[in-house]
Amino acid sequence: MFIKKIVSIAAALALACSMFCGCENKDSSDSSGDSSGSSVQSQSQAESKSDASSQGSSQAGADSSSQEQNKTNAIGYDVKGSKRLYDSLKETYNNKDGYKVTMVHANTGGSTIVLNKKDNKIFSSTANNNSKTAILYTGDKKATMFDFTNMKYQEQAVTDEKSFVAQKDLLFGMTGDFVQAQIDQKSDVIVETYKVNKNVAGQDGQIGFCFKGSDGSFCEVYLLYEGAQMAEYFGVREIGKASDELFKMPEIKDYKKV
């Protein structure tokens with residue numbers, strides 16, 4: 001019953017996911033196409049001065065090239081196949097080097113979220129125009145929450161380290177069984193949907209990973225718990241290896257412990 005429900009709402013979530021990535025993908029395509037487009041345009045203008053028919057031929061060639069660049073699913077992703085882009089993402093970043101990802105939280109008007117994960121250590125921060133908060137866990141059975149705006153901090157005992165870290169690990173900690181894959185033809189975004197691991201999250205839900213069909217790059221993740229009215233959307237700005245600097249305790253001598 002739950003699997004049927006999760007599949008039925010995946011299409012709507014995929015559309016919202018593809019809309020965000022589609023904008024990112026469009027910007028990327030426009031940027032990469034400016035140079036070649038300018039070159040073709042200049043050549044056409046030059047030819048138009050000498051030969052009108054040559055201009056028509058050049059324009060036709062440019063249109064054909066543009067159509068080829070905008071081809072949907074250029075990487076040839078098979079939604080019914082066994083190869084998943086999430087598996088490649090996991091292989092690249094869920095290892096001894098860990099990962100650092102910078103995201104935009106669409107639900108909060110564009111707050112910037114940074115996740116830094118390596119082994120059993122994790123750092124997570126959220127920042128917007130009005131505030132900045134963070135949580136740090138470095139494997140000593142004690143997590144520290146920071147309110148950098150109001151210069152306060154508090155400590156939390158961690159009894160189940162594995163579950164605590166997994167719950168904070170948005171990319172890999174809660175992802176369960178694969179449900180389905182889709183390709184949004186309009187925006188050229190591949191969406192892979194998975195069940196949330198209830199043993200980690202404590203509740204049912206689904207999590208989706210979105211990739212650009214042009215090059216397979218990771219562009220967004222969304223999370224929807226059963227019963228929630230709206231999914232949370234996280235647009236990916238940058239991802240790379242974990243930063244050891246972010247695991248260091250900030251200077252808090254002037255902070256108030258609460």
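Good morning. I begin with the second largest pocket, which is lined by 13 residues, with Leu115, Gln167, Lys168, Leu170 and Phe234 lying nearest its centre. Two or more residues of this lining come from each of β2 (111–118), β3 (121–127), α4 (161–168) and β11 (232–240). The lining divides into 8 nonpolar, 3 polar and 2 charged residues. The volume of the second largest pocket is about 240 Å³.

This is a predicted model, in which local features need pLDDT of at least 70, side-chain atom pairs count only at pLDDT 80 or more, and totals for chains, interfaces and linings use all residues. Residues are numbered from 1 along each chain as its sequence is written, and side-chain values use heavy atoms, leaving out hydrogens and water.

Some terms require definition. A pocket is an open set of points on a 1 Å grid over the protein atoms alone, where a 1.4 Å probe fits, with protein on both sides within 12 Å along at least five of seven lines; lining residues have an atom within 4 Å of a point. Helices (H or I, at least four residues) and strands (E, at least two) are DSSP runs, numbered from the N terminus.

I turn to the sheet. How many strands form the open sheet? There are 12, in the order β7-β8-β9-β10-β11-β1-β2-β3-β4-β5-β6-β12, with mixed pairing; two strands pair if DSSP finds at least two bridges between them. β7 (175–184) and β12 (256–257) stand at the edges with a single partner strand each, so one side of each has no neighbour in the sheet. β2 and β3 pair in the antiparallel sense over 7 bridges, and Asn116 has Phe123 in β3 as its bridge partner.

Next, the helix. α4 lies across β2, β3, β4, β5 and β6 and runs at about 145° to β4. Within α4, Phe164, Val165 and Ala166 are buried, that is, under 20% relative accessible area with a 1.4 Å probe and protein chains only; exposed means over 50%, and partly exposed lies in between. The buried residues of α4 pack against elements including β4 (132–137), β5 (142–147) and α5 (198–201).

Asn73 belongs to the loop between α2 (52–69) and α3 (85–93) and counts as buried at 14% relative accessibility. Met151 lies in the loop between β5 and β6 and is partly exposed, at 39%.

Thank you.

Key. Points joined across faces, edges and corners; volume = space filled by probe spheres on them. Nonpolar A, V, L, I, M, F, W, Y, C, P; charged D, E, K, R; others polar. Contact = heavy atoms within 4.5 Å. Axes fitted to C-alpha atoms, helices over the stretch in contact; angles between N-to-C directions.
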